[in-house]
Amino acid sequence: LVTYAPPQEDGFFLLILSPGHDRGERPIVARDILLVVDVSGSMEGEKLQQAKAGVSYVLSHLNPNDRFNVIAFSSQARSFADRPMGQEKAAEATDWVAGLQALGGTNIYLGLAEALRQATAERPTTVIFLTDGLPTEGVVDEQSLLSSLAAEAPGTYRIFPFGVGYDVNTLLLDQMAQEHSGRSAYIRPEEAVDEVISGF
């Protein structure tokens, strides 16, 4: 609080308030966290390494009752497991992610549809979606893609897109986040991924 009262005039003040960081005794809600990672050919090199680092960061910061899965997509989609797994499998998933290679086209719908298949209405589901570009296979029309996701997604499903690199369709990712109660973020080349992900 800073006050100032000039002679013979009304005074004024500046008040700065900041919320505390104490979490108190509020319970931590157990979530399903589905990491959908673009491994198409355009992700080769630094972008794929940034995406892998982001996934590894999330896997190492799960809460005890969280469940997770990792879904890699390009022209096809494949998952670390057939359903969300407990925290005890995080180290094994990190090794699986380390072995991913960039190859093929970009079928965004296929990757997100696989995440939708694994989502359940009983638990809040957070989808972390890392990609560098535009859909080139499958559902390539952006509005059709968004409409399909809106029709198929349960109410407990939230999408947080992370664009990797400069050639990112920000309009698509921003709208996807807005329609699914998430928030988009963008990772520049050579940027520390853990800073962006930890902010999320």
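The side chain of Asn-107 comes to 3.1 Å from the backbone nitrogen of Leu-110, a polar contact (N or O atoms within 3.5 Å; within protein, one able to donate a hydrogen and the other to accept it; residues adjacent in sequence count only if both atoms are side-chain atoms). This is a predicted model: local features need pLDDT of at least 70, side-chain atom pairs count only at pLDDT 80 or more, and totals for chains, interfaces and linings use all residues. Numbering starts from 1 along each chain as its sequence is written, and side-chain values use heavy atoms, without hydrogens and water.

**Asn-107**
- Asn-107 sits in the loop between α2 (90–98) and α3 (108–118); helices are DSSP runs of H or I of at least four residues, strands runs of E of at least two, numbered from the N terminus.
- Asn-107 counts as buried because its relative accessibility is 9%; buried means under 20% relative accessible area, exposed over 50%, partly exposed in between (1.4 Å probe, protein chains only).
- Beyond four places in sequence, Asn-107 is in contact with Phe-73, Ser-74, Ser-75, Glu-137, Gly-138 and Val-139; contact means heavy atoms within 4.5 Å.

**Strand β7**
- In β7 (residues 125–131), seven of seven residues are buried.
- Thr-125, Val-127, Phe-129 and Thr-131 point one way, and Thr-126, Ile-128 and Leu-130 the other.

**Pairing**
- β3 (residues 32–38) runs parallel to β7, joined by six bridges; strands pair if DSSP finds at least two bridges between them.
- Leu-35 stands opposite Ile-128.
- β7 also pairs with β8 (residues 157–164), in parallel, over seven bridges.
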